[in-house]
Amino acid sequence: MIGTIVFWVAALVAVAAGVEVFRTDSMARASYALAASFVAVGVMLLAFELDYLGVIVILMMVMEMAIMALFMIMLMGMNPALMPMSMVHGKRTATVVAAVVFVGLAAAALLIPWPDRAGAPAADLTRSLGDAVMGSKMLVMLTVSPVLFATIIGALVLGHPRDRYQRYGDDLERDHPDDPIQGGVGR
Amino acid sequence: MPEVTTLQPWWAALAPVTLLTLAAAGAAMAGAQTARRRGDGPLVAATTPLTETWRLLRQRRRVPVAADRVLWHVAVGGLPVVAVLMAVVVPLGSVVLVDSPVGVVWFNAMDVMLWALWWLAGWGPNSTHSLVAGHRFLGLALAYELPLMFALTSPAIAAHSLRLADVASAQQGLWFAVWMPVAFGVYLLSAVAFSSWGPFAVAAHSDLAGGVLAETSGVDRWLVLAGRHLVLAAAALVAVPLFLGGGAGPVLGPVAWTLVKALVVLAVLELSAGRAPMIRPERFAEVGWMVLLPATVLQMLVAAGGAS
Amino acid sequence: MGVTGVRRGIHVLVVAARGGALVRLSVERALRTLGWVPASSPADADLLAVCGTPADQERDAIEQIWRQLPGPRARVEVTSTEALGELLSQAASALEDHELQATLAQEADASAPMGMDHEDMDHAGMDHGDMDHGDMDHGDMDHGDMDHGDMSMTGPGGIALAGSSDDDRDGLEMDVGHVILGAGLPGWPAGLVLRATLHGDVVTGVEVLASPAPPSLSDPAVRAALLVDAAAGVLDLAGWSAAADSARRARDDLMDAAGATRIAAADVARLTRRVRRSVLLRWSLEGPGHRAPSSPAPGSVVRRRLIALLEAAATTLADPQGPAHVPLGDDLALLPELAEGQELASLRLLVASMALDAGVAADA
C-alpha cells in the first residue's frame, strides 16, 4: 500500500521535474530539476525494493548534476548564459520526435504480450546484482570500464590547455611543474 | 545476521530531536573552544548555541536583489534534512529506524547530496563571494569524495555486508578503526570536509566574507549553521557502527555506548575548528588523488585480505 | 567578565573609516570584554560600529552597508575611545527597543529591493549584494519582454552582467566581472578601496581606488599592537583562528598599556615561533615549496610578511627607542602584479599581509 503511494508520488515528481527542466529559463534550475527528476526515479527503484540500484542512482545523479550545472554555466559560449534563456531549441522537431517516441514506447509497453514471470526474485537483490556483474558479465565489465576510463583521461588530456611540456619544460627538464597555482604535492 | 528490530514509523519523529540534541552538544563544544580562545568563561561558552539561536530566530531575513530564492531555500533547508536522513540508518542498540540493507551506500549518497546543497547555498544569494565559495567547495569535494568512497568500502568488504548492523557486529574481536586506520582517518577528514568545517571550512570562511554565509541572515543562517552541526553529528553517529564496533562495550547498554562513542567522535570533529590553517582545495586536490586515493585502495586490499 | 544587564553574543560589524584603525582596536577590545562577536559580513551583524570619521565618499559606502544589516539593527559611530562603553551599551539597548526597530524595519522595507540603485558600480565600498552573474530571480520578476537574443549587458535587477575577454586563462568567454572590495570585509585595512577584475574567481587586475592614511605613532606599544593586529588579520584569513586569537589577546594587552607590555612581548615571541614552525601554515600558503623560480609565489610573500610583522612587533617592544623596523616598504604598488592570476581569497591574504593599518609606509 505505502509502496504503491510512494511509487506514484515519485513517478509524478519525476515527470513534473523533467518537464520543469525545459520550462525553466535558468541553467542552474534546469540542472537541478533534472537531478530532482533522477532522485525521484531512484526513489521509485527503492519502492521496488531494488535498494542498491535506487541509492546508486540517487548518488550518481546528484553528483553528476552538481558538476553538470558548473559546465552548463561555464561553457554556454555566450554572455547571457546567466540571463533568463529558453532551454528549448528546435522546438518543432523536438516535439515531433518526443511525441513519436512516447507513443511508440507506450504502445510497446501496453501492446506487447509480456511473458509471465518464470522465476522468483532473489532473496538478496544486491548480492545477485553483484554476482551478475562480477560473474557471468565479468568480461563485459572488464572491457567496458577501462574503455570508459581511458576515454575520460583521453578527453582531459586533449582538452586541457596546458600540456606537460608547459608544465615541465620543453625537454621535461623540471623536477617540479610550473603551474599558475601550485598543488599540494608538487607533481 | 544480527537481530535488529525496525521501529514503527512514528518513532521517526524522535530522530530529528535526538540528532539535534547531539548536534547541540557538538555546537556547545565548538562554542566552548572559541570562547576559551577569546578569554570568556565556561558558562558563556556552554550557552553559545542557545544565545546564537535566540539571536538568529529574532533576526529578519534579508534577500539580496535577484536572488534565486527557490534554489537558495532548497540549500538552506536541505542541510538539516540530509543530516537526519544520514542518521536514520544507524542502529541504536537493537533498534533502528530504517534497516537499510545498503546503509553504507545510503550514507554515501547523502554525503553526495551535500555537494549540491553547498553549491546551491553559494548560488542562491546572487553574490560573488558566495558563488566563489560554492565553487570552491566543489573543488574540495572532487578531492575528498573518491578516497571517502574507498574508505567506506573497506569496512563493508571486511563485514561482507553493506548493512550497518552487520558491519557493527562483524567487529566482535577488533574494531575496524584499529586495523583500518587509513580508512578511519580518511572518513574523519572527509566528515569535516563535507560539513565545510574546521580546516576544510572552504564554503564558509572569512577570506570570502563568510562565503555561502555572506548574505545569509535570520532563520536561514540558523538553518545553515545548525545544519552543519547536524551533519557533523550524523557523521559521528555513522562512524560508530562503521569503525567503532557499534554498541559493543562493557557495563553500559548498547544504546549508551553508541551515544558515548558518537560523542567522542563528534568532539574530535568539532574541536578541529581553528586549530590549523585552512587546507585549500587547490593544495588538497593533489593530496586527495595522489596520496589518499592509493592509500585507501591499499587499505581496501588489506581489509579484503583480513576478511577472507 | 560580563557587564551586567548587557546582552552577550551581539554580532558587530566593525568598519574603520580612513584613519580609524586605532579606534577600531579599542572597539574590538571592548567587544571582547563584552562577549560580543565580530561579524563576517553585514548579513551577520546586529550592530554596525563605524570607527573614525568617514569622508563623504565613505559615508555612501557605509550607508550601503547599513542597508544590508538585516535587523534588528543599530549603529554607533566611534570617534574617540572616551565613553566607548556607554556608546556600546546604548547600542545594545537600541537593539531591544521594539518601537525603534519597527521603524527601522519599515524603512528597510520601503527602500528594498527595487529602489536600490545597483547599476551604479563605482560607489566606494564593499558590496555583497550586486555582483557579476546576472539573473537568478524567476519568481517575481517580469521578463516577458526579454527574449534571449538580447545581448544587453544589463540583466534583470539592473545588475551588470559579466563581460567577456579573449585572454582568459581558462579560455572561457563569459566570466569577466568587476568587484569593489572595501570597508565591511573582515580584516580589511581602513580606507582602502580596490576594484578587482575577476575571471571567475581568478583575479586578473587590481586597481587601487582609495588608499589608506597611515597613522603617525609615537607610542611603541601601540605601534607593536597595530603590527600584531595585522598579523592576527592574516592568521584569521588563513583559517588559523586559534593563533589569530592569541595574537589578538597580545594586542589587547599591548593596548592596555601599564605593565602588561612585558607579558605581551613574551606572548608575541611565543606566537612568532609557533607561526614560523607551523608546517601546515607553510604548506597551506606556499604549497610544497619547490616552485619554479619563473613565477612569483604570492603565498610565500604572505608568509614572509606575516613572520616579519610579528618580528617587527617583537623588535619594537624590545627596543622602544629604536626605529620602527618594518621591512615591508611601499607595497600597495606591488599588489596588482602579485595578485594577478591568484584567487580572490589569495588577494585578501595579500592585502592583509601588507599591514596597511600599521602605518608601514609612514615609518619606512
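A nonpolar core is a set of buried Ala, Val, Leu, Ile, Met, Phe, Trp, Tyr and Cys residues joined through C-beta atoms within 7 Å. In this predicted model, the largest nonpolar core has 250 residues, and those with the most contacts inside it are Val62(A), Trp115(B), Ala234(B), Val15(C), Leu227(C), Val228(C) and Ala231(C). In soluble globular proteins, nonpolar side chains tend to be buried together.

The domain assignment of chain A gives domain 1, covering residues 1–77, and domain 2, covering residues 124–187, and the C-alpha centres of domain 1 of chain A and domain 2 of chain A lie 27 Å apart.

From here the reader can turn to the contact between chain B and chain A as a whole, in which 25 residues of chain B are in contact with 20 residues of chain A. On the side of chain B that touches chain A, the elements that give two or more residues are helix 4 (103–123) and helix 11 (281–307) of chain B, and the largest share, 10 residues, comes from helix 4 of chain B. The residues on this side of chain B divide into 19 nonpolar, 2 polar and 4 charged.

Chain B also touches chain C, where 51 residues of chain B are in contact with 53 residues of chain C. The elements that give two or more residues to the side of chain B that touches chain C are helix 1 (14–38), helix 2 (42–58), helix 3 (69–87) and helix 5 (128–159) of chain B, and the largest share, 6 residues, is that of helix 2 of chain B. The residues on the side of chain B that touches chain C divide into 18 nonpolar, 17 polar and 16 charged.

Chain C itself has a secondary structure of 12 helices and 7 strands, and of its 364 residues, 51% count as buried. Among the contacts in chain C with a separation of 6 or more, 71% are accounted for by residues 24 or more positions apart. Chain C is divided into domain 1 (11–111) and domain 2 (220–363), and the contact takes 5 residues from domain 1 of chain C and 7 residues from domain 2 of chain C. On the side of domain 1 of chain C that touches domain 2 of chain C, the residues divide into 2 nonpolar, 1 polar and 2 charged.

In chain C, 4 strands form an open sheet in the order 2-1-3-4, with parallel pairing. The edge strands, each of which pairs on one side only, are strand 2 (37–38) and strand 4 (74–78) of chain C. Strand 1 (residues 11–16) of chain C runs parallel to strand 2 of chain C and is joined to it by 2 bridges, and His11(C) stands opposite Val37(C) in strand 2 of chain C. Helix 1 (residues 21–34) of chain C lies across strand 1, strand 2, strand 3 (47–51) and strand 4 of chain C, running at about 170 degrees to strand 1 of chain C. Helix 3 (residues 84–96) of chain C lies across strand 3 and strand 4 of chain C, and it runs at about 165 degrees to strand 4 of chain C.

Another strand pair of chain C is antiparallel: strand 5 of chain C and strand 6 (residues 193–199) of chain C pair in this sense over 6 bridges, and Leu181(C) stands opposite Leu194(C) in strand 6 of chain C. Because 5 of the 6 residues of strand 5 (residues 176–181) of chain C are buried, this strand is largely enclosed by the rest of the structure.

Finally, some details of the backbone deserve a careful look. The peptide bond from Gly71(C) to Pro72(C) is cis, with omega near 5 degrees, and Pro72(C) lies in the loop between helix 2 (56–68) and strand 4 of chain C. In chain B, Ala209(B) has a positive phi of about 50 degrees although it is not a glycine, and Ala209(B) lies in the loop between helix 8 (181–194) and helix 9 (218–243) of chain B. Val251(B), a residue other than glycine, also has a positive phi, near 60 degrees, and its place is in the loop between helix 9 and helix 10 (254–270) of chain B.

How values were computed. Residues numbered from 1 in each chain as written. Chains lettered and ligands numbered in written order. Predicted model: local features only at pLDDT ≥ 70, side-chain atom pairs only at ≥ 80, totals over all residues. Contact = placed C-beta atoms within 7 Å. Nonpolar A, V, L, I, M, F, W, Y, C, P; charged D, E, K, R; others polar. Domains from an automatic or database assignment. Buried ≥ 20, exposed ≤ 12 C-beta atoms within 10 Å, placed from the backbone. Pairing = 2+ DSSP bridges. Axes fitted to C-alpha atoms, helices over the stretch in contact; angles between N-to-C directions.
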